[in-house]
Structures are given as C-alpha cells and as structure tokens.
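Q: I would like to go through this structure step by step. Could we begin once it is on the screen?

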Amino acid sequence: MTTPVCTYASQAAAPVPSSYTRYSSFSSYVRARGPVLLRTARSLTANPSDAEDLLQTALTKTYVAWDRIEDHRALDGYVRRALVNTRTSQWRKRKVDEFACEELPEPQVLPVADPAEHQALHDAMWRAVMKLPDRQRAMVVLRYYEDLSEAQTAEVLGVSIGTVKSAVSRALGKLREDPELTPVR
C-alpha cells in the first residue's frame with residue numbers, strides 16, 4: 001500500500017462541510033436582499049434602530065431554519081413573515097405604563113388672563129406712549145408696534161441708526177417711569 005505523497009492534496013479533494021456551504025449561501029442572500037428587507041423592517045417600526053434590531057432577529061431565525069427551507073426562491077416571504085411575527089411578539093411583550101384607578105387625573109388648568117385686564121393694560125400702555133414727544137413716539141411705534149429694525153426705522157424717519165437707538169432708549173426709560181404702568185412691573 002502506498003501512502004500519498006502529499007497528505008494535503010488528499011484532504012483538498014474532501015467535500016466541503018455543509019455548515020460552510022450553508023453560511024456562504026446565507027451570507028450572499030443577506031448581502032443581496034438586506035437593503036430591501038431593511039425597508040420592510042422600517043415600515044414595521046417607528047425607529048430606524050429598532051428596525052435594524054428587528055431585521056437582525058428575523059435573519060437569525062432564518063439562519064437557524066436555513067436547512068429546513070425547501071424553496072429558496074421564497075426566502076423573502078419567509079423573512080418577511082419572520083419580521084412580522086417577531087414584531088408582533090415584541091408588541092405583545094411591551095410594558096404597559098397605564099394603570100386603572102378610581103379617579104381620573106384631571107389636567108392642571110392654567111388660569112386664563114382676564115380680557116378686561118389685558119385691555120386695561122393695552123390702554124394704559126398706549127396712553128403712556130402718547131405722552132412721549134412726537135419723535136420718540138414715532139420711533140417707539142415703528143420699532144415695537146410695526147416691528148421694524150433700527151435700520152428700517154432710521155430709513156423711514158431719515159435719521160441715523162444711532163439717533164434711533166438713543167431716542168428709543170430715552171423713550172423706554174420714560175415708559176418705565178410712568179406711574180400708570182407701575183403695577184405692570
């Protein structure tokens with residue numbers, strides 16, 4: 001009896017283990033169909049990270065059953081069914097944070113401002129603005145009632161931006177000192 005010259009050559013002719021073949025065909029399937037299956041998983045969950053976890057779980061279940069799947073042309077349907085079943089199981093196991101109680105908790109109602117008080121404040125503010133000199137009043141009205149910028153106010157009145165700034169500052173100082181507006185502070 002002769003021994004082979006190269007023992008590795010005789011081993012190379014040996015068949016490839018079935019686990020390697022299974023892994024290789026499964027990994028090529030995942031590479032080819034992974035993006036499509038991830039889109040399906042994303043449609044089942046609200047969070048992209050949850051979708052990736054869901055797909056990973058479904059692919060794990062598919063890999064375990066890989067040898068039992070007879071028709072590999074129907075793998076997408078098998079994985080989709082695994083996705084739906086896994087998502088349903090997760091949904092059923094979710095923690096419920098709602099508990100029955102004897103009294104319903106009422107939302108805390110914030111007090112609504114009295115429209116009469118609002119109107120009185122508005123009138124007092126307008127009376128205080130009307131006490132200002134014409135030029136200061138015009139600048140305050142343009143800046144705060146018409147919501148123009150300092151540059152726009154200066155352009156409308158034909159003055160410099162610095163003039164607008166100083167006049168508005170003096171006007172606000174007078175409004176702060178107005179006795180009619182004291183309760184507002």
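Q: What percentage of the residues in the chain is buried?
A: This is a predicted model. Of the 185 residues in the chain, 23% are buried.

Q: And how many helices and strands are there?
A: The chain has 8 helices and 0 strands. Its pattern along the sequence is accordingly written α-α-α-α-α-α-α-α.

Q: What share of the contacts comes from residues 24 or more positions apart?
A: Among contacts with a separation of 6 or more, such residues account for 52%.

Q: Let's look at the inside. Which residues of the largest nonpolar core touch the most other members?
A: They are Tyr29, Leu37, Ala41, Leu55, Leu59, Val79 and Leu83, in a core of 16 residues. The elements that contribute two or more residues to this core are H2, H3 and helix H4, which spans 75-93.

Q: Take Leu37, then. What is it in contact with, leaving aside neighbours within four places?
A: Leu37 is in contact with Tyr29, Leu55, Leu59, Asp76, Val79 and Leu83.

Q: Which residues are in the other core?
A: Another core, of 8 residues, lies apart from the largest one, and its members include Ala124, Val129, Leu132 and Leu175.

Q: How many salt bridges does the whole structure have?
A: A search of the whole structure finds 6 salt bridges.

Q: Which residue pairs with Lys131?
A: Asp178 forms a salt bridge with Lys131, with the closest N and O atoms 3.4 Å apart. Asp178 lies in the segment after helix H8 (161-177), while Lys131 lies in the loop between helix H5 (115-130) and helix H6 (134-145), so the pair ties together parts that are 47 residues apart in sequence.

Q: Which of the two is buried, and which is exposed?
A: Asp178 is buried, with a relative accessible area of 7%. Lys131 is exposed, with a value of 54%.

Q: Which residues are linked with them in a network?
A: Arg127, Lys131, Asp178 and Glu180 are linked in a network of salt bridges.

Q: What about Arg73, which residue does it pair with?
A: Arg73 forms a salt bridge with Asp71, and their closest N and O atoms are 3.0 Å apart. Arg73 is exposed, with a relative accessible area of 77%, whereas Asp71 is partly exposed, at 34%.

Q: Changing topic to the loops: where is Thr45 found?
A: Thr45 is found in the loop between helix H2 (18-44) and helix H3 (48-64). Thr45 is buried, with a relative accessible area of 13%. Not counting residues up to four places away in sequence, Thr45 touches Asp50, Ala51, Leu54 and Arg87.

Q: And where does Asp147 lie?
A: Asp147 lies in the loop between H6 and helix H7, which covers 150-157. With 64% relative accessibility, Asp147 counts as exposed. The phi angle of Asp147 is near 60 degrees, a positive value in a residue other than glycine.

Q: One last item: where is Ser25, and what separates it from Trp66?
A: Ser25 is found in helix H2, and at 28% relative accessibility Ser25 counts as partly exposed. Ser25 and Trp66 are 41 residues apart along the chain, and their C-alpha atoms are separated by 9.5 Å.

Terms used: Residues are numbered from 1 along each chain as its sequence is written. This is a predicted model: local features need pLDDT of at least 70, side-chain atom pairs count only at pLDDT 80 or more; totals for chains, interfaces and linings use all residues. Side-chain values use heavy atoms; hydrogens and water are left out. A salt bridge is a side-chain nitrogen of Lys or Arg within 4 Å of a carboxyl oxygen of Asp or Glu. Buried means under 20% relative accessible area, exposed over 50%, partly exposed in between (1.4 Å probe, protein chains only). Helices (H or I, at least four residues) and strands (E, at least two) are DSSP runs, numbered from the N terminus. Contact means heavy atoms within 4.5 Å. A nonpolar core is a set of buried Ala, Val, Leu, Ile, Met, Phe, Trp, Tyr and Cys residues joined through side-chain atoms within 4.5 Å.
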